[in-house]
Amino acid sequence: APSRLLIRGGRVVNDDFSEVADVLVEDGVVRALGHDLLPPGGAPVGLRVLDAAGKLVLPGGIDTHTHMEFPFMDSRSIDDFHQGTKAALAGGTTMIIDFAIPQKGGSLIEAFETWRSWADPKVCCDYSLHVAVTWWSDQVREEMKILVQDKGVNSFKMFMAYKDLYMVRDLELYAAFSQCKEIGAIAQVHAENGDLIAEGAKKMLALGITGPEGHELCRPEAVEAEATLRAITIASAVNCPLYIVHVMSKSAAKVIADARRDGKVVYGEPIAASLGTDGTHYWNKEWHHAAHHVMGPPLRPDPSTPDFLMNLLANGPCGSGLPRRTCPPFMRITMVMSLWSILLTRGFLLHICCDDLTTTGTDNCTFNTCQKALGKDDFTKIPNGVNGVEDRMSVIWEKGVHSGKMDENRFVAVTSTNAAKIFNLYPRKGRIAVGSDADIVIWDPKATRLSPSLQSIVCSSDDMRPTSSAGEVIESDFDLHTWTSAASGEATLGKLEEPGGCFITVKGKHRDYLSKNSSSGC
Ligand code: URP
Ligand code: ZN
Ligand code: ZN
Ligand code: ZN
């Protein structure tokens, strides 16, 4: 018999509207959406009813950027696909997109199959894979095409940093972007100038700066902003849509916002860490505390960075040409009138309605204290990566919605819908609608406050990761799980003030996104 679930009386929130409605789930898929779906005689046998009155009913989060059990920098990230996806679900994320990353000279398809062999037996939520292009050849060109046509891959990441490991040069970027354009995939870049980082690091070490602060000092904001602009320039030369992963600085975000206002098809992805905390931690006196914040590009010491990035993320399009929050209702009416539209399309006012940053990931790539200690005497050997897969939704709720910067619809757009659209998952994911996967989060809008001292969280010196959101999780078979603790890397983002009970994640139908052709049409 099919498992059925009725989520009753909550406020269903999509990116473009909110409405109090019941949601009927059958076999992990949304079957009906409407009012008073509970039959007059009460719940029939086999129908479980969840009361969501006073709660929000949101599309499950999509984390666009994770690295579970990633072999990297002489170590391997400590959240495996089981722990990591369990943590995702506990925090309201029902799908992650991880990265298959071949060595230089290696086969993309082999890397893809390797990552699948790690993930398939143990993931708890849906997942997909971006594939990295770390070198260039005819073989790579051909494999990209096969991955898109036969394996359900939609996106390829190119590294402009990690010299000698993954970095590609401009001409290789040009070739990879051209191929993405040709096969209808989206190109992604890790935007940092790898040569400048390598030279900067040598300089720091020669000066005797060996601690985590050297990591940031040798790659200032301009190193990220320059590469961001270069990638956009190259992508636009071949007319390829571009996606900038882990946007960490004000300078890089400004480059992206400007390009978008110029009409370039480029998307920016800030991450939970860049939205939730800053790079002043690199100067913390406790070595391991500082080391746990080491990632590339680094968190920025300018403490206004998280707020700045959140403002650009909040600045979604409303159609009228005015920023969402300042748009008076009459403007929404006026916007359909022709004069306004003409002004918009001619670009006179386009700049103020532009969506500046579009999606959010985490770059969840956790290393424990022992692993981070590989770089105790030399910051260049500290494995790069932070956590966040469990915390992303709450960080954005707290810092974006509670702060008044964005409304609930924009929250859904930046945590789920926009990612679903860009990575070819929409409307199965990213929307609560009849026929969509029942990946749903029942969210208590009042209970998800983060600790006020988010910026000054001290990592514990043992290997315990602070328990954070610990939501209740319901799978499509409706067994109840309460997952109170997640991954074992230390947190950099902080602890929820009221752990537990903030929300319920319903994981709908488990899908295999990687075995059939689901190439993007971008
Ligand atoms: O420091 C980071 N970001 N580690 C993960 C690898 C990457 O560049 O995304
Ligand atoms: Zn990266
Ligand atoms: Zn408006
Ligand atoms: Zn990453």
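Analyst: Let's begin with a strand pair: E5 and strand E15 (residues 440-443) run antiparallel and are joined by 4 bridges. Within that pair, Pro59 stands opposite Ile440 in E15. Before going on, note that this is a predicted model, where local features need pLDDT of at least 70, side-chain atom pairs count only at pLDDT 80 or more, and totals for chains, interfaces and linings use all residues. Residues are numbered from 1 along each chain as its sequence is written, while chains are lettered from A and ligands numbered from 1 in the order in which they are written.

User: What makes E5 and E15 a pair?

Analyst: Two strands pair if DSSP finds at least two bridges between them. E5 and E15 have 4 bridges, so they meet the cut-off of at least two. The names come from DSSP runs, numbered from the N terminus: helices are H or I runs of at least four residues, strands are E runs of at least two.

User: How do you know that strand E1 pairs with strand E5?

Analyst: Strand E1 (residues 4-13) and strand E5 (residues 56-59) are joined by 2 bridges and run parallel. In this pair Val12 stands opposite Val57 in E5.

User: What does Val57 touch?

Analyst: Leaving aside neighbours within four places in sequence, Val57 is in contact with Ile7, Gly10, Arg11, Val12, Val13, Val23, Ala52, Ile432, Ile440 and Ile442. Contact here means that the C-beta atoms, placed from the backbone, lie within 7 Å. Val57 is also one of the residues that touch the most other members of the largest nonpolar core, along with Ala187, Ala231 and Ile244; that core has 134 residues. Such a core is a set of buried Ala, Val, Leu, Ile, Met, Phe, Trp, Tyr and Cys residues joined through C-beta atoms within 7 Å.

User: Why is Met167 called buried?

Analyst: A residue is buried if 20 or more other C-beta atoms lie within 10 Å of its own, exposed if 12 or fewer, and partly exposed in between. Met167 has 22 other C-beta atoms within 10 Å, so it is buried. Met167 sits in the loop between strand E11 (155-159) and helix H4 (170-183). Not counting residues up to four places away in sequence, Met167 touches Phe159, Met160, Ala161, Tyr162 and Gly194. Across the chain, 55% of the 522 residues count as buried.

User: And is Ile186 buried or exposed?

Analyst: Ile186 has 22 C-beta neighbours inside 10 Å, so Ile186 counts as buried. Ile186 lies in strand E12.

User: What makes strand E13 largely enclosed?

Analyst: In strand E13 (residues 242-247), 6 of the 6 residues are buried, so the strand is largely enclosed by the rest of the structure. E13 is joined to strand E12 (residues 186-190) by 3 bridges, running parallel, and to E14 by 4 bridges, also parallel. Tyr243 stands opposite Tyr267 in E14, while Gln188 stands opposite Tyr243 in E13.

User: Why is H2 called oblique to H3?

Analyst: The axes of helix H2 (residues 108-119) and helix H3 (residues 138-150) come within 8 Å and cross at roughly 40°. That makes H2 oblique to H3. Under 35 degrees counts as roughly parallel, over 145 as roughly antiparallel, 65 to 115 as roughly perpendicular, and the rest as oblique. Axes are lines fitted to C-alpha atoms, for helices over the stretch in contact, and angles run from 0 to 180 degrees between N-to-C directions.

User: How do you know that helix H16 is largely enclosed?

Analyst: Helix H16 (residues 392-402) has 9 of its 11 residues buried, so H16 is largely enclosed by the rest of the structure. Among the buried ones are Trp397 and Glu398. The cover over the buried residues of H16 includes E6, strand E9 (93-100) and helix H11 (305-314).

Key. Contact = placed C-beta atoms within 7 Å.
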